[in-house]
Amino acid sequence: MKKLLRRNKFLSLLVPLIAVLLGILIGAIVMLLTGYNPVLGYSALLKGIFSDTYYMGETIRTMTPLILSGLAVAFAFRTGLFNIGVEGQVIVGWLASVYVGIALELPKLIHLPVAILAGALAGALWGFIPGILKARFQVHEVIVTIMMNYIALYTANYLIRAFLLVPGERTEAISPSASLASPFLESITDYSRLHYGFIVALIGCIVMWFILWKTSKGFELRAVGFNQHASQYSGMNVKKNIVLAMLISGGFAGVAGAMEGLGTYGYMSILSGFTGVGFDGIAVALLGANTGVGVLLASFLFGGLQIGALNMQSKAGVPVELIDIVIALIIFFVASSYIIRWVMNRIKKEGI
């Protein structure tokens, strides 16, 4: 039994690695077929991530909301739910945190945590609606959360236009007492937009691990995710745990939005479309095998690809869309992990 568990753990680490390598390899083939030099392209990509402190700061800044949106998806998945509504929860969390950052006048020690908490509560509320519909009426969470994304987008735009709009199609800037901006972090990264939100994201990884693996409630949540009927038979309140799981998942997503509102931008603009942070969180969670450490590493890969792609275009002439192809291929191979596992099992059986 222990040997089987060790083998499954090894495979869970190996499959994402193979997926990344296959995605990069096929991305190189696509470059060759379209007339670009893959060696030059990937060299420019790596330089765009590691060659300058500014790019490193931007990579970490890009990682921050990805970590939290990835945790939102991973937490729901660990409890047997598929939260496709992280994007909408990010948007309402962003708006709520910015509103608190503008409307209240408090000392920084109080104002900043309250603004982050407002984002978390807004995201949790947006997660509560599909959670209660799933628990009470067995309405599939995927359908509801997809619709909630659009409701969040257009509701946020309406509220900004009706009550918060200033010239520039955005809200006012938040108060400095609610800001995550760090002159120190900016100065050591050649004035990138790196902010203290990265620390909040790291705390989020620890919080998820602690809740799921170190508390009795976390055990209940995971048990319900594995088998609702067995959990109910053992005396667990399945409906309550479904709602709680969506609340916590939405809370993580709301904090991801707060990182954008309080850290990267300091305001919220009228959105012409989705931010992409929530949808990227699905890919991050899949690649990170729904673990805190995995999500952290996967967000570094995705953040690095997004920032490095800009240098790829300017230095090697490779379109940034090619990185989207590489990301899509990585997700495809992670989703096709069964095929990778089957091939590895065949290799082992035949002694190749």
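This is a predicted model: local features need pLDDT of at least 70, side-chain atom pairs count only at pLDDT 80 or more; totals for chains, interfaces and linings use all residues.
## Ground rules

Local features need pLDDT of at least 70 and side-chain atom pairs count only at pLDDT 80 or more, while totals for chains, interfaces and linings use all residues. Residues are numbered from 1 along each chain as its sequence is written, and side-chain values use heavy atoms, with hydrogens and water left out.

## Helix 8 and helix 11

Helix 8 spans residues 197-214 and helix 11 spans residues 238-264. Helices are DSSP runs (H or I, at least four residues), numbered from the N terminus. The two axes come within 10 Å and cross at roughly 170 degrees. Axes are lines fitted to C-alpha atoms over the stretch in contact, and angles run from 0 to 180 degrees between N-to-C directions. Helix 8 and helix 11 are therefore roughly antiparallel (over 145 degrees).

Helix 8 brings Gly197, Val200, Gly204, Val207 and Met208 to the meeting, and helix 11 brings Phe252, Val255 and Met259. Contact means heavy atoms within 4.5 Å. By class, this contact has six nonpolar, two polar and no charged residues. Ala, Val, Leu, Ile, Met, Phe, Trp, Tyr, Cys and Pro count as nonpolar, Asp, Glu, Lys and Arg as charged, and the others, Gly among them, as polar.

## Helix 5 and helix 6

Helix 5 (residues 108-137) and helix 6 (residues 141-164) have axes that come within 10 Å and cross at roughly 150 degrees. They are therefore roughly antiparallel.

Trp126, Ile129, Pro130, Leu133 and Lys134 of helix 5 make the contact with Glu141, Val144, Thr145, Met148, Ile151 and Ala152 of helix 6. Eight of these residues are nonpolar, one is polar and two are charged.

## Helix 13 and helix 14

Here the axes come within 9 Å and cross at roughly 155 degrees. That makes helix 13 roughly antiparallel to helix 14. Leu301, Phe302, Leu305, Ala309 and Met312 of helix 13 touch Leu322, Ile323, Ile327, Ile330 and Ile331 of helix 14. The contact has ten nonpolar, no polar and no charged residues.

## The largest pocket

The largest pocket holds about 780 Å³ of space. A pocket is an open set of points on a 1 Å grid over the protein atoms alone, where a 1.4 Å probe fits, with protein on both sides within 12 Å along at least five of seven lines; lining residues have an atom within 4 Å of a point. The volume is the space filled by probe spheres set on the points, which are joined across faces, edges and corners.

Of the 25 lining residues, Leu13, Gly288, Thr291, Val293 and Gly294 are the closest to the centre. Helix 1 (2-33), helix 8 and helix 13 (292-316) each supply at least two residues of the lining. By class, the lining has 17 nonpolar, six polar and two charged residues.

Notes. Angles under 35 degrees count as roughly parallel, over 145 as roughly antiparallel, 65 to 115 as roughly perpendicular and the rest as oblique.
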